[in-house]
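Thanks for coming, everyone. I have one structure for you today. Please look at the screen.

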Amino acid sequence: MNVLWLQSGGCGGCSMSLLCADTPDFAALLRDAGLNLLWHPSLSLESGHELLALLDDCLTGRTRLDVLCVEGAILRGPQGTGRFHLLAGTGRPMMHWVQDLAQVARHVVAVGACAAWGGPTAIGVASGRNPSEACGLQYEDEHPGGLMGPGFRAPGGLPVVNIAGCPTHPGWVIDTLAALAAQELRPEDLDSLHRPRLYADQLVHHGCTRNEYYEYKASAEKPSDLGCMMEHLGCKGTQAHADCNTRLWNGEGSCTRGGYACISCTEPGFQSPGHPFHATPKIAGIPVGLPTDMPKAWFVALASLSKSATPTRVKRNATADHVVVPPVARKTHR
């Protein structure tokens, strides 16, 4: 399967993350998955006229284009001209190249939050202050549209596949492309925001090592504490669709395991939460952002009950940077 990877408005972090795929031989990983990387701005030797010749071959059909991957937001400014980002050597806006290539690619994939919804590149869009006029391929924050429009479907029948994240986990990218290569990614395999369900059907909360503290609502009070970071430190792991704590980064880590709150980077609008990332907004002492499928009244009732039943061990460890009170050794058989 021929894959063309272009970068638009962003930091390149998703490409950097991709190189952390769990393999000693990245090229072999792609090959074994049935993927032929036609071109990538950081990994390919071709540049200048060689790239332009390849793009022309893709547009005319001389080279089959199976997947167009776009990393970074589309810069439509100033005033819709797209001239904030020209493809070097062409004098032509990148957004026009993306539009044309998307019409001939069998599948179109947005790699990262910027390509999916605009992401950090589009900070200010909610308030109308988006000077670069950045947007995602088929979304502008949570609103369908973006560059290609809400009704766009690639020749392969799928909408833009949004591998959202900031950055994306390398496994999400490789698995999605491998599924496309095997013709095993169908419309029903995407969630309501066109994210692959292979990772979006999970929550960051699943597998979090702080779940015991969450269950008892034993909360951390400062970044170095072991307790749950939802109540005071801004963690949105119970709302963020991703498998970060079951599919670990580099085989061993995640944001919450590193002591950082989940900022829900796979969701539209995460870049402008309206409050500091490290703080939890509250109304009458109750966090505004609650678990995705739990009615607020139930959560308040359960939280009150949980706190009243919190073991001393859990309560003391929650506000320490190491285990102060270990579990009691006790017989587990009769």
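Let's start with a single residue. His275 is buried, because its relative accessible area is 19% and buried means under 20%, with exposed over 50% and partly exposed in between (1.4 Å probe, protein chains only).

Before I go on, the ground rules. This is a predicted model, in which local features need pLDDT of at least 70, side-chain atom pairs count only at pLDDT 80 or more, and totals for chains, interfaces and linings use all residues. Residues are numbered from 1 along each chain as its sequence is written, and side-chain values use heavy atoms, with hydrogens and water left out.

Back to His275. Where does His275 sit? In the loop between α8 (211-215) and β12 (282-283). Those labels are DSSP runs, numbered from the N terminus: helices are H or I with at least four residues, strands are E with at least two. A polar atom of the His275 side chain lies 3.2 Å from the backbone oxygen of Ala279. Setting aside neighbours within four places in sequence, His275 is in contact with Lys236 and Pro281. Contact here means heavy atoms within 4.5 Å.

**The domain interface**

Now the overall layout. The domain assignment gives domain 1 (2-199) and domain 2 (202-322). Such bounds come from an automatic or database domain assignment. The C-alpha centres of domain 1 and domain 2 are 31 Å apart.

How many residues of domain 1 are in contact with domain 2? The count is 25, and they meet 17 residues of domain 2.

Next, area. The size of an interface is often given as the accessible area lost when the parts come together. Domain 1 and domain 2 bury about 1600 Å² between them. Of that, 57% is on carbon and sulfur atoms. Buried area is the accessible area (1.4 Å probe) that two parts lose on being put together, summed over both.

Then the pairs. The rule finds two salt bridges across the interface of domain 1 and domain 2. A salt bridge is a side-chain nitrogen of Lys or Arg within 4 Å of a carboxyl oxygen of Asp or Glu. The same interface has nine residue pairs in polar contact, both residues at pLDDT 80 or more. A polar contact is a pair of N or O atoms within 3.5 Å; within protein, one must be able to donate a hydrogen and the other to accept it, and residues adjacent in sequence count only if both atoms are side-chain atoms.

Which helices build the domain 1 side? α5 (113-117), α6 (170-181) and α7 (197-200) each supply at least two residues. α6 gives the largest share, four residues. By type, the side of domain 1 that touches domain 2 has 14 nonpolar, seven polar and four charged residues. In that scheme Ala, Val, Leu, Ile, Met, Phe, Trp, Tyr, Cys and Pro count as nonpolar, Asp, Glu, Lys and Arg as charged, and the others, Gly among them, as polar.

Pro167 is in the loop between β11 (161-163) and α6. Pro167 counts as partly exposed, at 30% relative accessibility. Its contacts beyond four places in sequence are Gly13, Cys14, Ser17, Trp172 and Trp249. Pro167 and Ala113 are 54 residues apart in sequence, yet 7.4 Å apart in space, C-alpha to C-alpha.

Asp189 sits in the loop between α6 and α7. Asp189 is buried, at 19%. Beyond four places in sequence, Asp189 is in contact with Glu184, Arg195, Pro196 and Arg197.

**Salt bridges**

Side chains of opposite charge can pair when their charged atoms come close. A search of the whole structure finds 15 salt bridges. Here are some of them.

- Arg195 pairs with Glu267, closest N and O atoms 3.1 Å apart.
- Arg64 pairs with Asp66 at 2.9 Å, N to O. Arg64 is exposed, at 52%, whereas Asp66 is buried, at 8%.
- Asp201 pairs with Arg197 at 2.8 Å, N to O. Asp201 is partly exposed at 40%, and Arg197 is partly exposed at 38%.
- Arg313 pairs with Glu212, closest N and O atoms 2.8 Å apart. This pair links distant parts of the chain: Arg313 is in helix α10 (residues 312-318), Glu212 in helix α8, 101 residues apart. Arg313 is partly exposed at 22%, and Glu212 is partly exposed at 30%.
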